[in-house]
Amino acid sequence: MTAIGIEAIDIGKHFGSFHALSGVSMKVAPGSVHGLLGENGAGKSTLVKCLLGYYKADTGSFLVDDREATIERPADADALGLGMVYQHFTLVPSMTVAENLVMSRRDVPAAIDWRAEKAALGEFMRGMPFKVPLDAEVGTLAAGERQKTEIVKQLYLQRRFLVLDEPTSVLTPQEATEMLGLVRDLAHSGQLTIVIITHKLKEVAAFVDEVTVLRRGRFAGAGLVKDLGAADLTAMMIGEPHAPANPERLGEPAAEIRLAVRDLRTAADGGRKGLSIAALDVKAGEIVGIAGVSGNGQKDLVEVLGGQRPIEAGEVLVDGTQYDASRAQSQARHVRVLPEEPLRNGCVPPMTVVDNLNLRAFDTANSRLWLDRSAMAARAASMIAAYGIRAPSPIVPIGVLSGGNVQRCVLAREFDGDVRLLVLANPCFGLDVKAVAETRARIMAARNQGTAVLLISEDLDEILELSDRVAVMHDGEIVHQMPAAGADPQEIGRHMLGHH
Amino acid sequence: MSADATYPLRRSLEAVFAPLLALLGALVLFSVFLVGLGQSPEDFFELVWDGAFGSWFSMQNTLQRAAPLLLTALCVAIPGQLGLVIIGGEAAVVLGGLAATVCALPFVNTSPILVLAVMAVTGTAAGALWIGISGWLRAKRGVNETIASLVLAYIGLALFNHLVEGVLRDPASLNKPSTCGIGDANMLDTVPWLEIHPGLPVGLLACIGCWIFIYRTTTGFASRVTGGNIRAARLQGLPVSKLILLACAIGGGCAGLAGAIEVAAEYGRANASLNAGYGYTGILIAFLARFNPLTVIPMAVLLGGLGAAGGLLQRRMGLPDATVQVLQGMIFIAILASDTLYGRFQWFQPRAAA
């Protein structure tokens, strides 16, 4: 098995009037690790989807090992030995690794001779640089193991060119380092060519040989990583020489405890354990970051604080008294929640942008009975301007906006006015670099003015950068708390995995 | 910022265009059906026009049928704004009529005003209570409101028949079991000069009132939020259960009032005539109107007109009564299917700001 090289020449692709890609070229040397960089919406996934036959490019061509290749459907890419590992896993959790591998083959026989298959798989696994337990159910594997299984599956399918889409987004720092190291060794041994789609510059510097950078659907630069610094890469990605500076942290958290969670329990849900949090405090003027591998109860905690999930036992206190997330209480205590998947959890898709921006404030006018529609329109207009929300009209249904603009709308709404407790779940998800910087500055400004902030994020760097204190969640429990200053990512990673 | 100034207008046009296209589609489909029966679609539609809107007499007939439909459609439309599909309006109508009649009986010898006031209040309350049960089951027990309201409709109709044919029966009503009458002196007269059904102005006011409630009050706004995304409503701390109960009570109250008015204006007593399918046609109208209380008005007139033309069709073309129901069914399917038309035509869509 030898690695193959790929060249994309002058690829263009549009959806309606939107040009997702125009004139993009990329050359990936065989046996290398190639980074495909760019912000959200830069066209990275469109490019690889064209390469893998999920989309058909409007213009341009692909060369595979220097020969022109026609890739019109996924089966064509398959036949050429091109494969992809998605951000979200595609294994069946209730089946074993062996079953998942055999099932993924194109030519699965009607009756499977498991003895022969197991023997063949054992033989195949001996040639692999990393081992996965063949008889384990996929559902019982940790995220890092699953990711490895996905890669093994691609090798099992004789793929010689692999695209990894944000492969470390669900891994702890240790898992990420291990996985990327293994992948790099595979490539450098000449078995496989790897393209990694990412926006994490640290990983690029450590594991990637060469990069191609896209910006707004266009080619923005390429080169060897050893010749390029982080500043060059940032400049190519966002079109400006410097990433915006980190917001400044002013003053110390107050002594006053604003949010206190005590002995909180929720019911188990869909095979997952419920929450079981002994104690979690957030002080005024403090950002507490919740780190954890996605799916360890962070979502449940946000739902409890937002009133979307009932409590089985224990209590949530705001300013020292019971908090039930009712409208009266959330308004009186100035509690705001920014949920994950804001369109599904925090917006009303068929209602207009104006209506959605007023979900917090529609009943705060002098008259409790009548809607003050002119005040609503004015409030929405100022939010649209302040947050740079791009909408064709303020009265389009919010469901037609792009993910980043929906996120801006929810940010604008939840940050509006006097906020004393702010619960944020992945606040920067889907935003571009500038908007991320703006949002982080807003979070920090709120903290500096005395707001208590509970920040739940899948991005450990974000948590370390913004938080005063870090709490690690594992299996519905807070397993460790530490000051963020000087916190060791490796140690946090161990707790995220449940090794204490 | 926003470059698309005509978008609001185009969006309103889309809301008119899609159902009209659907209506046209249904008429074409129905014409094929008629040709298959060996009848002329042209004659048919001409007769429908004559029978429904062609003369003042047929117009009165149409409006008389439309009057209760306005109210029973609200019974579906208001809960519909909260994302609930309530289909048990028929029971609210008959129980509203029954409660109004029974409660009015002790007062028949006082003043007509008092009798009518008692009827309005008790009829509304009975309907609100009956549909409120479905709302309560939904809000507090997570029972599917469609199934609950359907089953409760059967129970309500059985209860009605049991009472009217049993303890509440006027012994003098031989062929058609009925309750005692409220007396001619207490009956509602037609609207002066126009001589149209007295339920019509009540229904129109109810539609306008419900529209104002839904689109101009904070409670209505909260209801629409709940209907659009219940998770977002919970996140905002909105009292979802109370809003569901309120909407069901308002809707049921409208249907119950329809029953009370039918008794007061038409029959003078509660009997099986109340069970005329108004509740079911109301479902159709509410869906045609996409739960908008103002759009209910033209849709109720349209469906009332089709009903009014039924007799004429029977006499002139020899078509069975059910023909009109076939047309209703086709319109219903076409309008539901037309929901997929929204967003299909680029011209109506917002244009990206340059």
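How many Å separate the centres of domain 1 of chain B and domain 2 of chain B, taken over C-alpha atoms? The answer is 29 Å, with domain bounds that come from an automatic or database domain assignment. Domain 1 of chain B is made of 7–39 + 324–347, and domain 2 of chain B covers 69–290.

Before I go on, please keep in mind that this is a predicted model, in which local features need pLDDT of at least 70 and side-chain atom pairs count only at pLDDT 80 or more, while totals for chains, interfaces and linings use all residues. Residues are numbered from 1 along each chain as its sequence is written, and chains are lettered from A and ligands numbered from 1 in the order in which they are written.

Let me turn to chain A, which has 17 helices and 20 strands; helices (H or I, at least four residues) and strands (E, at least two) are DSSP runs, numbered from the N terminus. The radius of gyration of chain A, at 24 Å, is close to the 23 Å that the globule rule gives for 500 residues, so chain A is as compact as a globular protein of that length; the radius is taken over C-alpha atoms, and the rule is 2.2 Å times the number of residues to the power 0.38. Of the 500 residues in chain A, 44% are buried, meaning that 20 or more other C-beta atoms, placed from the backbone, lie within 10 Å of the residue's own.

Chain A is also divided, into domain 1 (6–238) and domain 2 (257–496), and their centres, over C-alpha atoms, are separated by 33 Å. Domain 1 of chain A brings 10 residues to the contact between them and domain 2 of chain A brings 13, where contact requires C-beta atoms, placed from the backbone, to lie within 7 Å.

One residue in chain A that I would like to show is Ser467(A), found in the loop between helix H16 (460–466) and strand E19 (469–474). Ser467(A) counts as buried because it has 26 C-beta neighbours inside 10 Å. Leaving aside residues up to four places away in sequence, Ser467(A) touches Ile287(A), Val288(A), Gly289(A), Leu455(A) and Ala484(A).

As for where the two chains meet, 34 residues from chain A and 24 residues from chain B take part in the contact. On the chain B side, helix H1 (7–37), helix H8 (218–228) and helix H9 (230–235) each supply at least two residues, and the largest share, five residues, comes from H8(B).

H1(B) deserves a separate word: it has 31 residues and reaches 45 Å from its first C-alpha to its last, close to the 45 Å expected at 1.5 Å a residue, the expected span being 1.5 Å times one less than the number of residues. Which residues in H1(B) are buried? They are Ala18(B), Pro19(B), Ala22(B), Ala26(B), Phe30(B) and Leu34(B), and what covers them includes helix H2 (41–54), helix H11 (278–288) and helix H13 (322–338) of chain B. After H1(B) comes Gly38(B), whose phi is positive, near 80°.

Definitions and conventions: Buried ≥ 20, exposed ≤ 12 C-beta atoms within 10 Å, placed from the backbone.
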